[in-house]
Amino acid sequence: MTTTGKIVAVNGNMITVAFDGAVAQNEVGYAICGDKKLMAEIVRVRGTRCDMQVFDATTDLMVDDRVEFTGELLAAELGPGMLAQVYDGLQNPLAELADEAAKISKDASFFLQRGMYLPGLPRDRKWDFHPTAKAGDRVAAGDFLGWVTEGIFDDKTMPGHKIMVPFALRGVYTVKSIAPAGDYTVTDDIATLTGPDGKDVKVQMMQRWPVKVPIKCFAERLEPTETLETTVRTIDTFFPVAVGGTYCIPGPFGAGKTVLQQTTARYAKVDVVISAACGERAGEVVETLKEFPEIVDPKTGQSLMKRTIIICNTSSMPVASREASVYTAVTLAEYFRQMGLNVLVLADSTSRWAQAMRELSGRLEEIPGEEAFPAYLESRIAAFYERAGRVRLKDGTTGSVTIGGTVSPAGGNFDEPVTQATLKVVGGFHGLSRARSDARRYPAIDPLDSWSHYNSVIEQDRVEKARAILRKGNEVGQMMKVVGEEGTSLADFTTYLKAEFLDAVYLQQNAFSDADATTPVDRQREMFDVVEKALGAEYGFAEKDETRRFFLDLQQTFIDWNDKPFGSDEFKSLKTALVQKIDGAVR
Ligand code: ADP
Ligand code: MG
């Protein structure tokens, strides 16, 4: 029998419910509001009362209104049909939601239809199931039963979308029967498995999984040693991200967090990208939605959207589903990881997620911590990033989830709880600087403050030498502001120009130029060789003007070089020209 309850208090999107029977933390229930059922999640249980956050506006909800509990935790639907979808934080497909809303009322607002929830996976669509397991096989959670064709998953570019034994099954099962190749919906039975207790379970292509619980059907966790190629030079060379690693991008408003995330979503060498647009302005999200289907994925030659899932919770949507959205995103990512794929989760911005937590905590009247964030802020942030990782699956192949989150601290002050809690757990820090973005030096990743624990695509000692020049150049630049150019030695001035050169030709990368937006690792290595040569040379100039002219000319040629297709004749001849210019100026 399902548990029911009655509302005893309404406080914003929080309700307190007196219930009969048993309920569990994070269990889902529905508050009955007239002819609508509003979805809610239990966030605290005390005796025979529980507090629930409602994923919708609570207008008209009153004391004594009924609540029906489901006995299920907040869960995502996993299976074919997720790629190319745009979901809200509760995995409602937004396009269909808009269609449904339009049927009810002509002026139904896209986001504001209360109490309307749609299945995350299309129920009517049929998929071409190809069984790979056979009767008599011994299988366990996560093992492959077959595959279907979906989007990027076809015979040519990628092995199919794998259909797996539900992750929730415990122990070893025997395949009793499996459906023959053919077309099935996600809810059709495709296999019968006999459990350790002798009981049969029927398995479908769709399974449900509680979003706040990590999926752990793997053999072991691996060290994130391999560099994840983002094709952003500052990142791959100076502040690398690892396959299965974690990183954060804190930065003030307008410093380029979203643009950087979108560039990464486009060009990073991963199989699937899950983009959680969390609490940002609707305009930015709409931009992504318009652009992505038109962009061709260099890896598959197909629309980028086919390997992308967008979880979208703009600032105008209910705050509680914003809290859920990062968990939904990472759960979907773990599902694809189980197939042996590399998945990138981009959360923009985790500050909005933390604010949702703060709002909830305030309503629960918990003892506030720093800046009124709850005391468990740190552990929640840590638990989220811990779901990243590279794993060896039970069949020996590997899969990974990489997580990159932006942080948008008020006033760009990194000394605030969300940034600090994040910095404790991530492996890479790409701090965006207001000074750089004001100077339009994009990406505005601060080359002195940022760091990474992961492996670069260039040898570490070479990177360190280049960074040392940036640091020294910056010091000279500061000093020059005081003493002027005249008061600066030629040697110091040359270091300053070297640092500016490195910044201009390598660190700065125009996200909106076709040629420059993406630099594959091979090209980065070739570029870095030339930059290194220019930085390491002892020049024979007698005076500052001459040195300045030389570097300006070198910089211009280099920027021309950046615009040429990799490996083309023009590319080769400009490289020769650069090397000759440097050699010709050496003492
Ligand atoms: P944030 O998300 O940090 O508030 P955005 O990512 O929206 O900031 O960037 C704000 C603006 O800065 C963009 O609209 C764009 O004009 C500019 N910008 C950011 N990054 C780049 C880049 N890599 N190249 C060129 N322009 C950029
Ligand atoms: Mg932004």
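Strand β9 (residues 127-131) and β14 are paired in the antiparallel sense over three bridges; helices (H or I, at least four residues) and strands (E, at least two) are DSSP runs, numbered from the N terminus, and two strands pair if DSSP finds at least two bridges between them. The model is predicted, and local features need pLDDT of at least 70, side-chain atom pairs count only at pLDDT 80 or more, and totals for chains, interfaces and linings use all residues. Residues are numbered from 1 along each chain as its sequence is written, chains are lettered from A and ligands numbered from 1 in the order in which they are written, and side-chain values use heavy atoms, with hydrogens and water left out.

Strands of a sheet pair through backbone hydrogen bonds, either parallel or antiparallel.

Strand β3 (residues 27-33) is joined to strand β4 (residues 36-46) by six bridges, with valine 28 opposite glutamate 41 in β4. The two strands form a hairpin with two residues between them, and glycine 34 in the turn has a positive phi of about 60°. Six bridges likewise join β4 to β5, again antiparallel. Here the bridge partner of glutamate 41 is glutamine 53 in β5. The hairpin of β4 and β5 has two residues between the strands, and glycine 47 in its turn has a positive phi of about 65°.

Ligand 1 sits in the largest pocket. On a 1 Å grid over the protein atoms alone, a pocket is an open set of points where a 1.4 Å probe fits, with protein on both sides within 12 Å along at least five of seven lines; a molecule sits in a pocket if more than half of its atoms lie within 2 Å of its grid points. The ligand is surrounded by 13 residues, the closest being Gly254, Gly256, Lys257, Thr258 and Val259 (a residue is near a molecule if one of its heavy atoms lies within 4 Å of it). Helix α3 (residues 257-267) gives the most to this shell, with three residues. An oxygen atom of ligand 1 lies 2.7 Å from a side-chain N or O atom of lysine 257. The corresponding distance is 2.8 Å for a side-chain N or O atom of threonine 258, and an oxygen atom of the ligand is 2.8 Å from a polar backbone atom of valine 259. Taken alone, ligand 1 exposes 560 Å², of which the protein buries 77% (Shrake-Rupley method, 1.4 Å probe).

Most residues other than glycine have a negative phi, and most peptide bonds are trans. Aspartate 60, which is not a glycine, has a positive phi of about 75° and is found in the loop between β5 (49-54) and β6 (66-73). A cis peptide bond with omega of about 5° joins aspartate 348 and serine 349, and serine 349 is placed in the loop between β24 (342-348) and α6 (350-363). Tyrosine 442 and proline 443 are also joined by a cis peptide bond, with omega of about -10°; proline 443 is in the loop between α9 (434-438) and β28 (451-452).

Terms used:
Polar contact = N/O pair within 3.5 Å; in protein donor to acceptor, adjacent residues only side chain to side chain. 1 Å grid on protein atoms, 1.4 Å probe; cavity = no way out; pocket = protein on both sides within 12 Å on 5 of 7 lines; lining within 4 Å.
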